[in-house]
Amino acid sequence: MSLAHAAAEYMLSDALLPDRRGPRLKGLRLELPLDRMVKFIAVGFPLLLMSLAFAQEFSAGPPIRCFSPSNFTIRQAAYVDSSCWDSLVHHEPDELGPHKMKSLWPHKALPYSLLALAVAMYLPVLLWQYAAAPALSSDLLFIISELDKSYNRSIRLVQHMLKIRQNSSDPHVFWDELEKARKERYFEFPLLERYLACKQRSHFLVAAYLLRNSLLLLFTSVIYLYLGHFHLDVFFQEEFSCSVKTGLLGDETHMPHLITCRLTSLSVLQIVSLSSLTIYTLLVPVIIYNLTRLCRWDKRLLSIYEMLPAFDLLSRKMLGCPINDLNVILLFLRANISELISFSWLSVLCVLKDMTTEKHNIDTVVDFMTLLAGLEPSKPKHLTHRIGDENP
């Protein structure tokens, strides 16, 4: 073996990807980075506020303070606080008749409404994990494996071509066989391309992804309605009039019918309302952006893998409407780019391909690695001229 052939063989051996058999791809990401950020904020933020509300209640004492008459005993004053907190109804005087009653229950339901909000925001995540993630994981495992295998097959094919050229005594026979193989498309492995083309006609993953983000938008709209209808009504009311002439104090004739109480937890309600409104308003553009990514193809990823034989979805204009499962798979391939070992190699080859002066002879990784190994990507001109001279 000559020194040039040995160097070419070493170069091709180094270009082969390691075989990853057995348990692998354990860190496969089945959520996009922005989706994960939205999940952590949409679910974790209300839980954080709920813990702060409970902590404030335990540290600051009762959430209300009623101004009982000075002649009340300690037991009667405690009963007034407890009764007013249980009822939490404001009695507003009315000139036309009896008092108007206004419920202040959002104060009492604040921690539990935050818990319900966190559960509601986690439902779209559960939907994705149990409905779409298993199918997506299977697709990604197969596609990542086939992309790396297709790259390795191309490198091994160049190694085989190099051995045949070295052992061939007649260069005409070698180039004739090579041109025949290209004409018959022996170098192509169309299984992966056909599988991806079939995914363009599937809409299960994209429907689940659209449903997940649509539910997030729907629940965010419900938050706005809840805050606007219930919290806004009690947002500025710090004091209320409570009726305590029931139960233990029902027979007391010397006490007033209404007692003024002050809501010490009003600041907590205001902070929770404003912070929730701000956070979920900021999440809406992110969710909408996640949806808009389904309206365009990640052509850079596809263009890099066009270097593989029989992977010409772009050049053959096989891409149609981007709202299908293939586009979702491409988004997650981009998120799992660290698992695609062949991506870095093909990215380098694409850069070198764009810089070479003989672009018309280089279409795939087979052509480029053939050139790097010291072989011409097509039949040399002097052999073509010799054949023409022998057959005038």
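The count comes to 1 disulfide, a disulfide being a pair of cysteine sulfur atoms within 2.5 Å. This is a predicted model, in which local features need pLDDT of at least 70 and side-chain atom pairs count only at pLDDT 80 or more, while totals for chains, interfaces and linings use all residues. Residues are numbered from 1 along each chain as its sequence is written, and side-chain values use heavy atoms, with hydrogens and water left out.

**Cysteines**
- The disulfide joins Cys66 to Cys261, with an S to S distance of 2.0 Å, and it is right-handed because the torsion about the S-S bond is about 100°.
- Cys66 lies in strand E1 (residues 64-66) and Cys261 in strand E5 (residues 258-263), so the pair ties together parts that are 195 residues apart in sequence; strands are DSSP runs of E with at least two residues, and helices are runs of H or I with at least four, numbered from the N terminus.
- Cys66 counts as buried at 10% relative accessibility, as does Cys261 at 0%, where buried means under 20% relative accessible area, exposed over 50% and partly exposed in between (1.4 Å probe, protein chains only).
- The sulfur of Cys321 is 8.0 Å from the closest cysteine sulfur, in Cys295, which is too far for a bond.

**Nonpolar core**
- The largest nonpolar core has 39 residues, such a core being a set of buried Ala, Val, Leu, Ile, Met, Phe, Trp, Tyr and Cys residues joined through side-chain atoms within 4.5 Å.
- Helix H5 gives the most to this core, with 9 residues.

**Strand E4**
- Ser241 is found in strand E4 (residues 239-243) and is buried at 18% relative accessibility.
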